[in-house]
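Subject: Structure handover

Hi,

Here is the structure I said I would pass on. My notes on what turned up follow below it.

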Amino acid sequence: MTETKPTTSGTALIIGRWQIFHKGHETLLKAALATAPKVIVVIGSAFRSRNPQNPFTWQERQAMVESILSAEDKARVQYLPVRDYYDDTRWNAAVREGVQRITQCTQPITLVGFKKDSSSYYLDNFHGWAWKGVDREIEIDATALRNVYFEGADPDARLSVLQPYISPQVLAYLQAWARLPAFAERMSEHAAVAAYRKRWAAPFHLTADAVVQASGKVLLVRRGGDIGHGLWALPGGFVEPGERMYAAALRELQEETGFKTLAPTMQAAFQGSVVFDHPGRSPRGRIITHAHHFNLGNIALPEVKGADDAMEASWVPIANLPAMEDQLFDDHAAVLDRFLGVYR
C-alpha cells in the first residue's frame, strides 16, 4: 500500500473484526492514514476461541494488516484488541478506555468507517468523536471469503477466487497459514457447522446452561464432537419439548458431568438466571440460551466425570479463567464473566 499523508492532527480510528482482511477493509485503513498522523486499529472478538466466524487470532489479524503497510506507515499504526462482552455499553467503554490509554487523552479522535447495514450500528455510539464516512470501493463480504477459503477442495482454485478481493501480501499470508494444523481444524469445523445448520434449520433454538461454582471453582466440560472440539464449555444443551429451562439445565448438568445432588440443595444454591441471545454468539446459528447460576459455597467438591457428548468434566479454579478465554466455547467466557466477574 502506498504511503499517505494525513490531512488533520490527532488520531484516526477504525473498528472491525478483520476476518479476513480484504480490500474493503484496506479502503478504511487508507482513509484513516490519510486523516490523521496516528491510527488505531480496533480488533474486535479479540480473545475468544477459534471458530468458523473467528478463525484467526487477533495477532494473526494484526499480521495481515501489517503485511500491506510500508515501514513508515507501520510506525503510525497501533492496535487495540477488544474482547466480546455482548453488552454494548461495556464494549463501548472498553474501546474508549483503550483509546484513552493509547492517546493519553491528548489528541482529537476521528472515527473512520462505512455503514454497510444494521450491523454497523455501533459506529453511532461514540459521541464526542469526529466522524468520517467512507464510500465502499468494492462490494465484498468477509463471510463469503471465509466460505471460499475453508470450503474449496483445490488450494490453487481457492486462492484464485480470493485474488481479486485480497491484496497480494494478505493472499501470501493465507497461503502460508493454510499449511498450519489450525487450517485443517477450521476446515473440518466449517464443514461440521454447515451440516449442522442444514440439519437444524429453524429460525432459532433454545438451550439451557448451568454455571455451578463451589469452593472457588466452577464446573466445566470439554467438548467432544466436531464443533468446538476440545474447548471448555459450560454444561448445557437443548431444551426438550415440554421441558422448563431450569429443569433442562439440571438435566444437562447431570448427563454431561454425572453431578447429582438433592433438589432442595440446588434450589438453595440457585442465584438467578440470565438469557444470552446475541445473534452472533454462536456460528451454529441463532441459539438462545438461558444460563442458571448455582453457588454451593465452600463444600467438598462432588466427583464429576465427562459423559454424553462431553469428553471430560472438571472443577476449574475461577482464578484460572482469565488465562483460558481463548479455550472457551462460543460466548461462554462472557457468560462466566456475567456471573463470576472474571474480566472486571
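**The largest cavity**

The largest cavity is lined by Ser-45, Ala-46, Phe-47, Arg-48, Arg-83, Asp-84, Tyr-86, Glu-325, Asp-330, Asp-331, Ala-333 and Ala-334. Please keep in mind that this is a predicted model. The volume of the largest cavity is about 80 Å³. Its lining splits into 5 nonpolar, 1 polar and 6 charged residues. Searching the whole structure gives 2 cavities of 30 Å³ or more.

Ser-45 sits in the loop between strand E2 (38-43) and helix H2 (58-67).

**The second largest pocket**

The second largest pocket holds about 650 Å³ of space. It is lined by 29 residues, and those closest to its centre are Tyr-196, Arg-223, Phe-238, Arg-284 and Asp-309. Which elements give two or more residues to this lining?

- helix H8 (181-199) and helix H9 (245-257)
- strand E6 (205-214) and strand E7 (217-223)
- strand E9 (236-238) and strand E11 (287-295)

By class, the lining of the second largest pocket comes to 10 nonpolar, 8 polar and 11 charged residues.

**Helix packing**

Start with H5 and H6. Helix H5 covers residues 142-151 and helix H6 covers residues 155-162. Their axes lie 8 Å apart, and the packing angle is about 165°. H5 is therefore roughly antiparallel to H6. The crossing of this pair is left-handed. H5 makes the contact with Leu-145, Val-148 and Tyr-149. H6 brings Arg-158, Val-161 and Leu-162. The contact of H5 with H6 has 5 nonpolar residues, no polar ones and 1 charged.

H5 also packs on H8. The axes of H5 and H8 come within 9 Å and cross at roughly 110°. So H5 is roughly perpendicular to H8. From H5, the contact takes Arg-146, Asn-147, Tyr-149, Phe-150 and Glu-151. From H8, it takes Phe-183, Arg-186, Met-187 and His-190. These residues divide into 4 nonpolar, 2 polar and 3 charged. H8 itself is one of the elements in the lining of the second largest pocket.

The last pair is H2 and H7. Helix H7 spans residues 168-177, and its axis comes within 8 Å of the axis of H2. The two cross at roughly 145°. How is this crossing handed, left or right? The crossing of H2 and H7 is right-handed. On the H2 side, the contact uses Glu-60, Ala-63, Met-64 and Ser-67. On the H7 side, it uses Gln-169, Val-170, Tyr-173, Leu-174 and Trp-177. The contact of H2 with H7 counts 6 nonpolar, 2 polar and 1 charged residues.

**A cis peptide bond**

One more backbone item. Gln-19 and Ile-20 are joined by a cis peptide bond, with omega about 10°. Ile-20 lies in the loop that runs between strand E1 (11-16) and helix H1 (23-35).

Best wishes

Note on methods
Residues are numbered from 1 along each chain as its sequence is written. This is a predicted model: local features need pLDDT of at least 70, side-chain atom pairs count only at pLDDT 80 or more; totals for chains, interfaces and linings use all residues. Side-chain values use heavy atoms; hydrogens and water are left out. On a 1 Å grid over the protein atoms alone, a cavity is a set of points where a 1.4 Å probe fits but cannot get out, and a pocket is an open set with protein on both sides within 12 Å along at least five of seven lines; lining residues have an atom within 4 Å of a point. Grid points are joined across faces, edges and corners, and a volume is the space filled by probe spheres set on the points. Helices (H or I, at least four residues) and strands (E, at least two) are DSSP runs, numbered from the N terminus. Ala, Val, Leu, Ile, Met, Phe, Trp, Tyr, Cys and Pro count as nonpolar, Asp, Glu, Lys and Arg as charged, and the others, Gly among them, as polar. Axes are lines fitted to C-alpha atoms, for helices over the stretch in contact, and angles run from 0 to 180 degrees between N-to-C directions. Angles under 35 degrees count as roughly parallel, over 145 as roughly antiparallel, 65 to 115 as roughly perpendicular and the rest as oblique. A crossing is left-handed if the near helix is turned anticlockwise from the far one by less than a right angle, and right-handed if clockwise. Contact means heavy atoms within 4.5 Å.
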